[in-house]
Structures are given as structure tokens and as C-alpha cells.
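Please read them with the structure open.

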Amino acid sequence: MKKRTTILALCLALLLCLPALSFAEFINQKTYGGSHGEYIYEAIALPDGGLLVLANSRSDDGDLTGRKNPSPVYDAWALRTDASGEIVWDIVLGDADTMDEFMSGVALPDGRFALLRKCFTDAQDDNESSELVIVSADGAVELTAALPARTLSLATDGESIYGTGWRATDSAPGSEFDFDYTSFVVRVDLTGAIQWEKDLEVPEVTRLQLEHIVPVEGGVIAAGRGYTEDRTALGMLVKMSGAGDTLWSRGLEGEDATYLEGLTAMPDGGAAAFGRRSFKKEGDDWYSGKGFATRVDAEGKTLWAKTFLRDDETEMKGIVPALDGEGVVIVSETNTSGDRQWPLLDNCWFLRLDGTGEIVEEAFISDIGADPTYLSGLLRGPDGRLIVYGAALKGDTLGYEDIFTAEVSLPAIAEMP
């Protein structure tokens with residue numbers, strides 16, 4: 001009897017050490033779009049509780065106004081909502097001979113917005129151009145200015161606007177690659193005038209593709225991936241000063257190819273980033289992914305780097321600081337079907353990690369209460385609410401998606417309001 005009691009006590013102690021797991025739900029879900037396809041790239045939480053949504057669309061009806069081109073040409077589409085999710089205004093920009101999209105944007109201190117418009121002539125991104133669009137608080141386009149081609153993400157420190165991206169260049173003689181990639185960071189003032197543009201060279205990799213950027217104290221941190229001469233993929237973080245100097249770079253090595261696909265600024269001046277580690281599934285010929293997250297301080301020191309896997313595959317989609325300022329909250333899609341045709345959402349997994357990267361609490365959504373959906377990101381509203389955004393299929397045909405946003409009810413995660 002004493003032995004059985006001891007075993008039960010040990011089992012209970014072990015259970016108490018495990019992170020809490022509960023089921024969450026999406027609430028106040030909203031969809032936006034027309035009768036054709038829309039795709040959301042980014043959403044920004046606004047001080048009034050509304051959102052700025054950055055997307056493209058090939059619809060000419062529904063929620064769109066000022067449609068420029070008939071379907072199937074994509075136009076850039078941005079919309080602002082109020083705190084209840086109702087559309088306040090929207091902007092549609094495009095040309096008849098280009099495909100256009102709003103890929104990124106930032107809110108400026110004076111109430112205006114800086115949007116990144118990408119234009120290209122075909123699906124292979126040939127003849128691509130990037131443009132800065134400054135929009136007033138009520139949705140009027142005030143000015144446009146050219147940015148370096150293939151600028152992919154914007155950030156602001158309130159006084160200037162930063163962008164990052166990469167361009168393909170010819171490989172050096174004898175290189176293992178058909179093309180090299182050169183990343184850049186550009187800084188422009190609020191009139192769109194370029195203050196400086198710097199191509200980056202870092203010691204960890206020979207090919208660098210930066211795709212995300214956030215403002216931090218003393219400059220900006222950009223994230224992406226790079227490749228060594230032996231074709232090893234490394235997740236990359238680079239910090240630059242406001243004057244355009246490279247302060248540090250970090251290559252994130254692991255047992256599998258690593259890609260960084262998003263990041264968030266942290267209160268200490270550092271950043272947290274997420275991505276995936278690819279691995280070949282045993283007995284199969286396709287690559288799956290484990291979720292990967294890391295945290296660096298203001299000097300680039302790695303505080304932790306962890307891999308997460310649930311079901312057959314985990315694809316992280318968004319990250320925000322936890323309310324304690326030390327940890328982070330991450331949302332991931334988990335896939336059990338093995339169907340690689342489209343990133344349809346099987347299940348949704350929320351994690352809260354502490355300052356050491358350990359799982360403190362987690363929550364799970366297996367029924368989102370809508371059409372099959374995939375996620376694009378996670379953000380936190382001004383009142384602390386968590387908000388997800390992505391796309392919901394209009395029917396059974398892929399390529400015909402509405403934009404959706406939803407608040408997340410997470411009863412298991414005590415720190416959430």
C-alpha cells in the first residue's frame with residue numbers, strides 16, 4: 001500500500017510540473033473581401049482598437065471600393081477597421097499590366113500610415129518594383145516614393161521609416177549556386193526621401209535573404225535566412241544602427257535547415273523570432289517542419305533557442321511579447337494529414353514561453369468554427385487582447401479566400417486579459 005501511494009504521489013508531482021493544456025476558441029471573427037480571392041500579408045493593431053489590414057485582392061465587389069482592374073489581376077488592398085471590426089475606409093491601388101499588393105505597413109506618430117506596395121508583371125516577380133505609400137488617417141493617399149526593388153518589410157522609429165529585403169545577383173565564378181542573394185536595409189524620411197541604403201555582408205553566410213524588420217532601441221533588427229558555401233541554411237538575425245552601421249549578426253545553427261519567418265521587438269531592446277527547422281520524414285520524400293523560436297538580447301546574445309513539434313508538423317505563424325515583458329506568446333498551425341498542397345489549418349496551437357523559452361502554458365483549437373482556414377499572423381491589441389489573422393476559404397476552391405480576423409479566448413493562459 002505504501003509503495004502504491006508513493007507511485008501515485010510521484011505521478012501527481014510529475015503532472016503538476018507539466019504545462020497546463022486547455023482548449024481555446026476564436027471569438028468576434030470577421031471576414032472581408034469580395035467574390036474572388038484575397039490574401040492578407042500583415043495586420044497592424046491601432047490605438048483605437050481597430051486594425052489596419054494589408055492585402056491584395058482580385059475581387060471587384062463586396063467590401064472593395066475604387067477597384068482599378070478586372071479580375072483576375074490582383075490589386076493592392078488596404079483597409080482600416082474600427083474596434084468592432086467594421087470597415088472605416090479602404091484603398092485599392094493597381095495598374096492594368098501589373099500585379100500589386102500591400103505587403104507591410106507601419107502606423108506613424110501623427111496618425112498617418114506608411115504602406116509598402118509591391119508591383120510585378122508575373123508570378124515569377126519579373127520587373128518587380130516597390131513603392132512607399134503615405135496615407136492620411138482618413139485614408140487619403142498623400143504621397144508615393146520609390147523604394148529599392150524587392151523591399152519586403154517596413155519598420156519605423158517614429159522619425160524615419162526603415163525597409164529590408166533582398167535581390168538576386170549573378171553568382172561568382174565557381175560558386176555552387178546559380179544565383180547569389182544580397183540583402184539590404186534602407187532608411188527614408190517621412191517625405192519618402194532615401195537617407196541611406198546599405199547592402200549587407202555578414203561572416204556567417206555567403207547568401208543572405210532578410211525579409212522582416214522591427215525597430216529596437218538604437219536601430220533595427222532584421223531577420224531571414226542565409227546559406228553557407230556547403231548549402232547549409234541558417235536562420236539569420238542582423239542589427240543595424242540608425243546611421244546604417246551593422247552592429248552584430250547571428251547565424252542560428254541546428255541539426256536541420258533553419259528558416260526565420262517572423263520576429264517581434266522585446267522590451268529589453270532585443271528580439272524574439274520564429275521559424276521552422278525542416279526535416280525529412282522517415283519513409284517519405286517530402287520535408288516536414290518543426291516550429292523553431294529564439295530570443296536574443298540587445299547585444300545579440302542568444303538567451304534561448306528551442307524547437308517545438310506537435311502532431312506530424314508544426315508551422316509557427318506569429319509571435320508577440322508576453323505581458324510580463326520576459327516571455328513570448330506564439331501561435332502555430334499543426335498538421336496531421338500530411339497533405340502538402342496548401343497550408344490548410346488542421347489545428348491551432350498557442351504557447352506561452354517564459355524568459356528561458358520553457359512552455360509555461362498552452363492552449364489548443366481543433367475546431368475554429370469557420371471554413372478551412374490558414375493563419376498569417378498574430379498581434380496584440382492595445383488592451384492586451386490577442387488577435388489572429390489569415391484567410392478563410394469561400395468554398396471548396398483554393399485561391400478564393402476571404403481575409404479573416406478574430407480575437408482569441410484563452411482561458412488556460414492566465415496572463416491573458
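**Notes on salt bridges, a hairpin and the cores**

1. Arginine 80 and aspartate 48 join their side chains in a salt bridge, 3.2 Å from N to O; the term means a side-chain nitrogen of Lys or Arg within 4 Å of a carboxyl oxygen of Asp or Glu. This pair links distant parts of the chain, 32 residues apart: arginine 80 is in strand β5 (residues 75–81), and aspartate 48 is in the loop between β3 (38–45) and β4 (51–57). Strands (E, at least two residues) are DSSP runs, numbered from the N terminus. Arginine 80 is buried at 16% relative accessibility, while aspartate 48 is partly exposed at 43%. Buried stands for under 20% relative accessible area, exposed for over 50%, and partly exposed for what lies in between (1.4 Å probe, protein chains only).

2. This is a predicted model, in which local features need pLDDT of at least 70 and side-chain atom pairs count only at pLDDT 80 or more, while totals for chains, interfaces and linings use all residues. Residues are numbered from 1 along each chain as its sequence is written, and side-chain values use heavy atoms, with hydrogens and water left out.

3. How many salt bridges does a search of the whole structure find? The count is 19. One of them holds arginine 117 to aspartate 100, with the closest N and O atoms 3.0 Å apart. Arginine 117 belongs to strand β8 (residues 113–120) and aspartate 100 to strand β7 (residues 99–107), 17 residues apart. Both are buried, arginine 117 at 8% relative accessibility and aspartate 100 at 0%.

4. Glutamate 315 and lysine 317 also meet in a salt bridge, at 3.2 Å from N to O. Glutamate 315 is partly exposed at 25%, whereas lysine 317 is buried at 15%. Elsewhere, shared partners connect Asp95, Asp100, Arg117 and Glu131 into one salt-bridge network.

5. Strands β9 (residues 129–135) and β10 (residues 141–147) pair in the antiparallel sense over six bridges; pairing requires at least two DSSP bridges between two strands. Serine 130 has leucine 147 in β10 as its bridge partner. Five residues lie between the strands of this hairpin, where glycine 139 takes a positive phi near 95°.

6. The largest nonpolar core has 19 residues, of which Phe26, Phe350, Leu378 and Val388 touch the most other members. Such a core is a set of buried Ala, Val, Leu, Ile, Met, Phe, Trp, Tyr and Cys residues joined through side-chain atoms within 4.5 Å. Another core, of 16 residues, lies apart from it and includes Tyr162 and Val202.

Key
Helix = DSSP H or I, 4+ residues; strand = E, 2+ residues; numbered from the N terminus.
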